[in-house]
Amino acid sequence: MARRTLSVLTVLVLSLLAASVADGRSSRSSACGARDYSYAGLQSDSKAHGVGATLVPVQTPAVSAGHVGAWIGVGGVNLGPNGSAEWLQVGFSAFPSDHVSHIYYEVTVPGSDPRYVELDSNVKPGEKHNFKVLEMARRKAWWRVWLDGKVVSPAIHLPGSHGTWYPQAMAESWNGGVRACNSYQYRFSNVTQAHADGGDWRPLTRSVSFHDAGYRFVQTSRVPSNFLASSLDARRPVLTTVPERVSRASARVAAVQTVQFTRSRTK
């Protein structure tokens, strides 16, 4: 199982990020693959009870070591009770030698290791799927995962999660501990968030965008929120892009608040 090591200087990191995002500047960063985890995506700037989006793997990921993924989710490494790890995410994954993508969801509850559940092992490039994680109506801090309009998980209790988390939608690469620069291209469309437990879905309108060295974030519309996350060596999108202030430094927010993606898979 791969685990990220987070800085204990979380407050300092976040304060530096706030300044970077506010003035729109990008910090200098190392080459693709030098950082264990790299991101391209966004995080809502308001708390919500769920997040949804349609995701497409535009091309077959090329993973030389570690993994790549594209997901929506809530929670994070130290966002559970008393700073514990607690999260829920759903999306695509790919590993070395994969010629297709997988659909999975992953959940971590305080005091337990991440649990990776594979839902589909044969997703071809161009396939479109709709994902949601949603807090259940009238059951505070209980969540379920949705795939293409159907519930695909049991009710999941995430203590302390009611009204406390900022939804995320992003792609990531783990370098496998060997500085691998993995390739991917994922399209995210109609990113929404739930304003009440059980639903009240509305378009995501305000967010912070992320990208690390070797990867790009291309926003194609703000409302609905649509974007492309890809490695720099992927085919460039022939799209009319929406001007966006994207900070490379802000990817550290993901390292502090993002969910953990692991190599462990159910057989």
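Biologist: Which residue forms a salt bridge with arginine 35?

Modeller: The term covers a side-chain nitrogen of Lys or Arg within 4 Å of a carboxyl oxygen of Asp or Glu. For arginine 35 the closest N and O atoms are 2.3 Å apart, and the partner is aspartate 212.

Biologist: How many residues apart in sequence are the parts that arginine 35 and aspartate 212 tie together?

Modeller: Helices (H or I, at least four residues) and strands (E, at least two) are DSSP runs numbered from the N terminus. Arginine 35 sits in the loop between helix 1 (10–23) and strand 1, and aspartate 212 in the loop between strand 14 and strand 15 (215–221), so the number of residues separating the tied parts is 177.

Biologist: At what pLDDT do side-chain atom pairs count in this predicted model?

Modeller: Residues are numbered from 1 along each chain as its sequence is written, and side-chain values use heavy atoms, with hydrogens and water left out. This is a predicted model: totals for chains, interfaces and linings use all residues, local features need pLDDT of at least 70, and side-chain atom pairs count only at a pLDDT of 80 or more.

Biologist: Is aspartate 212 buried or exposed?

Modeller: Buried means under 20% relative accessible area, exposed over 50%, and partly exposed in between (1.4 Å probe, protein chains only). Arginine 35 has 27% and is partly exposed. Aspartate 212 has 1% relative accessibility, so it counts as buried.

Biologist: What is the relative accessible area of arginine 206?

Modeller: The side chain of arginine 206 meets that of aspartate 45 in a salt bridge (3.1 Å, N to O). Arginine 206 lies in the loop between strand 13 (199–203) and strand 14, aspartate 45 in the loop between strand 1 and strand 2 (50–57), so parts 161 residues apart in sequence are tied together. Aspartate 45 is partly exposed at 36%. Arginine 206 is exposed, with a relative accessible area of 56%.

Biologist: How many salt bridges does the rule give?

Modeller: Aspartate 200 and arginine 202 also meet through their side chains, at 2.9 Å from N to O. Both are partly exposed, aspartate 200 at 38% and arginine 202 at 40%. The count of salt bridges comes to 3.

Biologist: Which strands stand at the edges of the open sheet?

Modeller: The sheet has 7 strands with antiparallel pairing, in the order 6-5-4-3-11-1-14. Each edge strand has a single partner, so one side of it is left without a neighbour in the sheet; the two are strand 6 (115–123) and strand 14 (207–211).

Biologist: Which residue takes a positive phi in the hairpin of strand 12 and strand 13?

Modeller: These strands pair in the antiparallel sense over 4 bridges, and alanine 196 stands opposite glycine 199. The hairpin has 2 residues between the strands, and the residue with a positive phi near 90° is glycine 198.

Biologist: What is the handedness of the disulfide of cysteine 32 and cysteine 181?

Modeller: A disulfide is a pair of cysteine sulfur atoms within 2.5 Å, and here the S to S distance is 1.8 Å. Cysteine 32 is in the loop between helix 1 and strand 1, and cysteine 181, 149 residues apart from it, in the loop between strand 11 (168–174) and strand 12. The torsion about the S-S bond is about 95°, so the disulfide is right-handed.

Biologist: What is the relative accessible area of threonine 108?

Modeller: Threonine 108 is in strand 5 (residues 101–108). Not counting residues up to four places away in sequence, it touches Ala85, Glu86, Trp87, Asp113, Pro114 and Leu158, where contact means heavy atoms within 4.5 Å. Threonine 108 is buried, with a relative accessible area of 1%.

Biologist: What percentage of the residues of the protein count as buried?

Modeller: The protein has 2 helices and 16 strands. Of its 267 residues, the buried share is 52%.

Key. Two strands pair if DSSP finds at least two bridges between them.
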